[in-house]
Amino acid sequence: MTAASTELPLTSSITIVDESPARLAFRRLLQHRSAQVGFVMLILLVLTALFADRIAPFDPLLPLEHVVRRSTPCIHLLGCASGEAQHLMGIDGNNRDLFSRVVYGSRLSLQVGITTVSAAILVGGLLGALAGFLGGWPDDLIMRALDILMAFPSLLLAISIVAVLGPGLINSLLAIAITEIPVYARVVRASVVAVKDHDFVTASRALGASRMRLLFVRVLPSSLTPLIVQGTLGIATAILSAAALSFLGLGAEFPTPEWGLMLGEERNSVFNSPHLVLFPGIAIMVTVLSFNLIGDGLRDALDPRLHR
Amino acid sequence: MLTYIIRRVLLLFPVLIGILVVTFTITRMIPGDPCDVMLGEKATKAKCTLFKKHYGLDKSIPEQFARYMLNVAQGDFGTTIRDRRPVTDVIAERLPLTIELTVLATVFASTFGILLGVVAALNRNSTADTATMVFANIGVSMPIFWLGLLLAYFFSLTLKDTPFYIPPSARLSPGVSIVPLAKVWGLQNLKGYQRFLLLMASNSAILNGLLTGNTKLLTDALWHLILPALAVGTISLSVIARMTRSSLLDVLGEDFVRTARSKGLRERLVIYRHGLRNALIPIVTIIGLQIGGLLSGAVLTETIFALPGVGSRAVEAILSRDYPIVQGFSVLVAVIFVFTNLIVDISYAYLDPRIRIK
């Protein structure tokens, strides 16, 4: 056997990895099938939200004249007379173009998801970091208090909070953010506790780093990974909860183009004009699905244990 | 095992007190004078003082809280504002339906979720597997209330003249009604918790039908609960299916499964006795975690299917600012949630001996 033939398979099967873990994870994410689907959906949604005023053919708030209330979609490509105005998703119960409302709804939905989760991560993350970093009685106090918050089913807690604050979009977002706080506090606390006694933290402390610096520069970055995963999945939940509150009449109010509210307004006409219920629901589902798929992809890509 | 259960039950007390603190704080945070809220804007000063004295609102906050705890411990959740009925009566009237719905949805979600998960895991990477997982992904992303509306449309309009027709709303068909158990058994003089329990059993159409042998009532109630249970259960079904699949795949890759196979055990036994049994712990966890979601789902679904449960009443109460009801329901739901979690914890200990010994 010659030397060349033993070397050949080695060089062909082993590739040398000199990429940073972050880039590796990003590559894995882009190769993840469900994440790919999720990203495509999300990009389309973001574009819709950004260019809502160009995409929507009509004003989402103003009732149209010369239209039949709750009429079915009129699409020229599918044989609707070209003399009639095109309404891709039909007309709603207040003579508004449903397609325009659904398009504008994407703005609100994305904002809702991102703001509630950011608020919850900020407050929850800070509480969790303090609990994990300080240990002792502050830890017990914070975590037990949050445990009690978790004793309530989250949507029902949100409903009770809205009951106190009064119905409205902002109040419902606040309520959802509050119910999500314990989740992030737990995630951050767990990773803080896991790394705070590692050698690199001790070394940093020995070098005279302040407690603040230790916490924010050395310890907290380690909780970034689980936070990103949890946050992405959390956006999906937050969008669903906000839609549910609006559906019940406790969130966004007339005439806001909010998908849950649109469903709630038309729920009694489901038998006569099902399209008014169908489309906003699909919009909610697609948005939530995109975040769920990306969240799953992120979890797989960021968890090194899955890539032995 | 017994010491484990006792320890877990003792740990419940701080949580229960915490729940009371939260609901107490929530109602104290209501903006405005409670007198104005309860009696309306036109209440006179004298009336207000009397009102505050009657409800103990002139006392200090700790005293008020102690009083509230005592009342709740005695099963007194106050009276509703609108029609001055005891909140416990409203609960006994509304809660059974919500429990029925939650239980049916749980049964549906667990059975089909585990079934689909097992099928997917055993046929890994097959079409059935992919289809199940796509379905599961879509299932967790659907708004319950939307699914409910679509199911109602499909089963009661599209399938209107077929044997698969299912009614879209109401609890019972016209002509079918619940006969109060107190009347049937001549127990009108009961008081306190006995009366409450009897009312609960009586108002549960399913339990009532079973106890009195009224099969018409039983089947009619179940028939009307099919669609709501499907709507409520679908999200959990998806979550359970995913968890079952991944958990079973993990276990089937373990050494003891290989051992079982190599000693010639039949594949069926390997999968059910060695595989599924060990995969059950995470599955039971996830089912337990779903209870909260299922309760919330029941609340959302009741409003769609015109079911007179806790949820639809709570929403009414919020919109009309009937706080005693909101407060009572919140305590109740949290307590149910906490107790189901307790049952889940105990069932782990049963499934996994390592937990009870620790």
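Two residues are in contact if their C-beta atoms, placed from the backbone, lie within 7 Å. This is a predicted model, where local features need pLDDT of at least 70 and side-chain atom pairs count only at pLDDT 80 or more, while totals for chains, interfaces and linings use all residues. Residues are numbered from 1 along each chain as its sequence is written, and chains are lettered from A in the order in which they are written.

Q: How many residues of chain B are in contact with chain A?
A: By that 7 Å rule, 37 residues of chain B are in contact with 34 residues of chain A. Helices here are DSSP runs (H or I, at least four residues; strands are E, at least two), numbered from the N terminus. Among the elements giving two or more residues to this side of chain B are α1 (2–28), α6 (127–141) and α13 (267–304). α13(B) gives the most, with eight residues.

Q: What classes of residue make up the side of chain B that touches chain A?
A: Ala, Val, Leu, Ile, Met, Phe, Trp, Tyr, Cys and Pro count as nonpolar, Asp, Glu, Lys and Arg as charged, and the others, Gly among them, as polar. Sorted this way, that side has 29 nonpolar, eight polar and no charged residues.

Q: Why is α13(A) called oblique to α6(B)?
A: Helix α13 (residues 275–302) of chain A and α6(B) pack at an angle of about 120°, with their axes 8 Å apart. Axes are lines fitted to C-alpha atoms, for helices over the stretch in contact, and angles run from 0 to 180 degrees between N-to-C directions. Angles under 35 degrees count as roughly parallel, over 145 as roughly antiparallel, 65 to 115 as roughly perpendicular and the rest as oblique. An angle of about 120° falls in the rest, so α13(A) is oblique to α6(B).

Q: Which residues make the contact of α13(A) with α6(B)?
A: A:Met285, A:Val288, A:Leu289, A:Asn292 and A:Leu293 come from α13(A), and B:Asn137, B:Ile138, B:Val140 and B:Ser141 from α6(B). By class, six are nonpolar, three polar and none charged.

Q: What makes α3(A) oblique to α13(A)?
A: Helix α3 (residues 33–50) of chain A and α13(A) pack at an angle of about 140°, with axes 8 Å apart. That angle makes α3(A) oblique to α13(A). Their contact has ten nonpolar, five polar and one charged residues.

Q: How do you know that α14(B) is mostly covered?
A: A residue is buried if 20 or more other C-beta atoms lie within 10 Å of its own, exposed if 12 or fewer, and partly exposed in between. Eight of the ten residues of α14(B) are buried, including B:Val310, B:Gly311 and B:Ala314. The buried residues of α14(B) pack against α7 (154–165) of chain A together with α5 (87–122), α13 and α15 of chain B.

Q: Which residues touch the most other members of the largest nonpolar core?
A: A nonpolar core is a set of buried Ala, Val, Leu, Ile, Met, Phe, Trp, Tyr and Cys residues joined through C-beta atoms within 7 Å. Of the 160 residues in the largest one, A:Ile239 and B:Ala314 touch the most other members. Helix α11 (residues 215–252) of chain B gives the most to this core, with 17 residues. Leaving aside its neighbours within four places in sequence, B:Ala314 is in contact with A:Ile159, B:Val299, B:Ile325, B:Val326 and B:Phe329.
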